[in-house]
Amino acid sequence: SQPFDGQELRTAGFDEMRRRIREEDPPKPSTRVSSLGDASHAAAERRRTDIHGLARTLRGDLDWIVMKALEKDRTRRYGSPSDLAADVGRYLMSVPVEASPPSGAYRFRKFVRRHKAGAAAGLLLFAVLVAGVIGTTIGLVRARSEAETARKVSELLVGVFADLDPEVQFGQTVSTSAMLDRGVERIRRELFDQPVVRARLLTTVGNAYRNLGQFDKARPLLEDALDLRQEHLGNTHSDVADSYVSLGWLEFHVGHYNQARVLFERAVGVFEQALGRDHRAVASSLGFTGAACWRIGDYGDARAAFESSMEIFRAIEMEDDPVVVYAELPYAQMLMDLAEYDRAELLLNHALEVYEAEHGPDNPVVGFLVAALGRCRLETLQLDQARLL
């Protein structure tokens, strides 16, 4: 669909059409989809959901990626198509995206730009033009850098997959672990002149090792990625916070909850500096912090972290996004430890509804949520329901 209603633009006249496109912000996709009639129903049916489910899917990161691409201020738009593609890739990998809701200060500046007259308007126009030149220059530099990065990564991946050819392996089947080992060898050997790209790939492979339970292999990769990012991006870049989160989950999985808490708290601080307080990465990291505090037994700090996490999700209209499960599930488990079963059940029912609608009934996280609800019913002596769950 188009950002604005095509029929309305055609009937408004050429000058009014130009004014609206130039001055008015289009509705977010999650808002627009509910006004498209049959087209919305068809789009929802193709994705095996309804209009409300489609709107929930769009709400949050997808909304802000589209709005950043449509931003009228070129300095806030993506610098190049590859920047946009990279942010879509981050969304698909469930890592923090660069797009985020505009701040109140930015919205105020837009209002002033539209309504202040005379010399102030002329001065502001000059500033916008200067910013546009700077933004264009930065965009060109980024585009060249992204093109080189894409080429390097493409060559590396081609090499890794070529190693999996049965003819090369003399008919032997290569395990997932062996494939990751070979990928690490090539990353270390071939990307010395691309430290930031190397860090990203080391993080990806390190997380894969961690999720396979191979913690000894995961740790050096994740630590190397953090060192590279701190050296080449500085300590306040969101990628550094992403490394803190990856290492935090490694410590969490091996039972080092105090170390996990420290790393998650560092991630919260860096994400706040890099992306602002009202961002899904901050909210998610607060949820992770709450989970670590709960495992330590620090229920007061855990409750504060969980509540702050959900408050941010509500502020950015992501309270019905599946990502909230990472705050609601551990929070509900903690509340059951404290015999606050009514509140726990509300959180679990909401998380289950949201997550199952997005990922289907056979997702492992759905299984965790159903089991937690079963425990809640067991603790309140609703034994038949507990057994069923």
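The axes of helix H11 (residues 195-211) and H12 come within 8 Å and cross at roughly 155°, where helices (H or I, at least four residues) and strands (E, at least two) are DSSP runs numbered from the N terminus, and where axes are lines fitted to C-alpha atoms, for helices over the stretch in contact, with angles that run from 0 to 180 degrees between N-to-C directions. That angle makes H11 roughly antiparallel to H12, given that angles under 35 degrees count as roughly parallel, over 145 as roughly antiparallel, 65 to 115 as roughly perpendicular and the rest as oblique. The model is a predicted one, in which local features need pLDDT of at least 70 and side-chain atom pairs count only at pLDDT 80 or more, while totals for chains, interfaces and linings use all residues. Residues are numbered from 1 along each chain as its sequence is written, and side-chain values use heavy atoms, with hydrogens and water left out.

Arg229 lies in helix H12 (residues 215-233). Because its relative accessible area is 4%, Arg229 is buried, on a scale where buried means under 20% relative accessible area, exposed over 50% and partly exposed in between (1.4 Å probe, protein chains only). When residues up to four places away in sequence are not counted, Arg229 touches Ala199, Arg200, Thr203, Gly234, Asp239, Val240, Asp242 and Ser243. Of these, Gly234 lies in the loop between H12 and H13 and is partly exposed, with a relative accessible area of 26%. With the same exclusion, Gly234 touches Arg229 and Val240.

The structure holds six aromatic pairs, counted where rings of Phe, Tyr and Trp (its six-membered ring) have centres within 6.5 Å, with planes under 30 degrees apart taken as stacked, over 60 as edge-to-face and the rest as tilted. Trp249 and Phe288 form an edge-to-face pair, at 5.1 Å centre to centre and 70° between the planes. This pair links distant parts of the chain, since Trp249 is in helix H13 (residues 238-253) and Phe288 in helix H15 (residues 280-296), 39 residues apart. Phe264 and Phe288 form a tilted pair, at 5.5 Å centre to centre and 50° between the planes. Phe264 lies in helix H14 (residues 257-275) and Phe288 in helix H15, so the pair ties together parts that are 24 residues apart in sequence. Phe264 counts as buried at 0% relative accessibility, and Phe288 counts as buried at 11%. Ring pairs link Trp249, Phe252, Tyr257, Phe264 and Phe288 into a cluster.

Over the whole chain, there are 20 helices and zero strands, and buried residues make up 40% of the 389 residues.

How values were computed
Contact means heavy atoms within 4.5 Å.
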